[in-house]
Amino acid sequence: MSVQSVDRALQILEILARDGECGVTEIAGHLGVHKSTASRLVDSLEAHDLVEQNESRGKYRLGVGVLRLAGATTARLDVVQESRAQAKALAAVTGETVNIAVLSEGAALYVDQVATSAAVQSHNWVGQRIPLHATSNGKVLLAGMTDAEAKALLARKLPAYTEQTITAPSVLVAQLDGVREAGYVVVVDELEAGLTAIAAPIRNVHGDVLASISVSGPTFRLSGNKAEAATRELVAHALEVSRRLGWREPA
């Protein structure tokens with residue numbers, strides 16, 4: 001029954017997207033259900049601002065909640081579009097793999113990757129969600145939150161992937177101020193033994209952390225002077241993507 005209700009609610013959104021406005025009786029007719037059933041579904045959608053009633057006509061239309069959801073999707077598409085050239089340039093200058101990640105369902109969702117021709121490369125994470133606590137991108141995304149928000153996401157048993165994985169929420173939250181101050185984070189062997197990743201934030205016009213960009217590669221290769229040089233390039237390229245998204249550094 002719940003699956004059927006979800007299906008019908010989605011049909012209502014599609015009907016309103018197609019027809020512009022509809023009354024409850026019309027919606028019920030399209031769905032082939034009783035008017036009371038259609039009314040309950042519309043009420044639920046209205047509670048989430050996904051539909052709204054035209055007071056003068058009494059009919060329903062798509063609400064501002066749809067714009068909010070579309071805006072979130074557009075923001076992610078903008079990140080991929082605006083970061084692509086910078087990610088390619090960063091991969092070329094560092095010789096390492098570059099990933100772009102956004103926050104999704106309490107994890108880091110990898111939305112783009114630029115691999116290199118290096119003999120040993122990182123795993124292709126595009127389309128996958130990976131843990132926040134054990135990755136450089138994840139820690140940057142956590143640092144973009146308040147400590148209270150980060151604590152809420154970390155308030156569960158965190159798995160250890162290697163001997164270097166930090167699983168104590170208090171220790172992880174304590175690291176966030178350092179990430180915010182430095183503008184980047186280096187994670188060594190925490191998700192995979194032998195893998196180092198360095199990440200920096202991508203900000204929107206308001207200064208919020210919209211995504212994270214990282215350079216990753218084998219620890220034996222991404223260390224010492226090369227890691228320092230890669231960090232400088234990473235921060236510079238992350239700032240350029242942020243500028244392209246409208247962010248300006250404080251004077």
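V98 has V215 in β8 as its bridge partner. The model is predicted: local features need pLDDT of at least 70, side-chain atom pairs count only at pLDDT 80 or more, and totals for chains, interfaces and linings use all residues. Residues are numbered from 1 along each chain as its sequence is written, and side-chain values use heavy atoms, with hydrogens and water left out.

**Strand β3**
- Antiparallel strands β3 and β8 are joined by 5 bridges; two strands pair if DSSP finds at least two bridges between them.
- Helices (H or I, at least four residues) and strands (E, at least two) are DSSP runs, numbered from the N terminus.
- β3 also runs antiparallel to β4, with 7 bridges, and N99 stands opposite Q113 of β4.
- A hairpin is formed by β3 and β4 with 2 residues between them, and E105 in its turn has a positive phi of about 55 degrees.
- Because 7 of its 8 residues are buried, β3 is largely enclosed by the rest of the structure; buried means under 20% relative accessible area, exposed over 50% and partly exposed in between (1.4 Å probe, protein chains only).

**The sheet**
- The open sheet has 6 strands in the order β5-β4-β3-β8-β7-β6, with antiparallel pairing.
- β5 (129-130) and β6 (185-188) are at the edges with a single partner strand each, so one side of each has no neighbour in the sheet.
- The antiparallel strands β6 and β7 (residues 195-203) share 4 bridges, and V185 is opposite A199 in β7.

**Helices on the sheet**
- Helix α5 (residues 136-143) packs on the sheet and touches β3 (97-104), β4 (107-114), β6, β7 and β8 (209-218), its direction making about 155 degrees with that of β8.
- Axes are lines fitted to C-alpha atoms, for helices over the stretch in contact, and angles run from 0 to 180 degrees between N-to-C directions; contact means heavy atoms within 4.5 Å.
- Helix α8 (residues 224-244) packs on the sheet against β7 and β8, at about 25 degrees to the direction of β7.

**R244**
- R244 lies in helix α8 and counts as partly exposed because its relative accessibility is 47%.
- Leaving aside neighbours within four places in sequence, R244 contacts E82 and Q86.
- The C-alpha atoms of R244 and V140 are 19 Å apart, with 104 residues of separation along the chain.

**Helices α6 and α7**
- The axes of α6 (residues 147-154) and α7 (residues 169-182) come within 10 Å and cross at roughly 140 degrees.
- Their contact is made by D147, A150, K151 and L154 of α6 with P169, L172, V173, L176 and R180 of α7.
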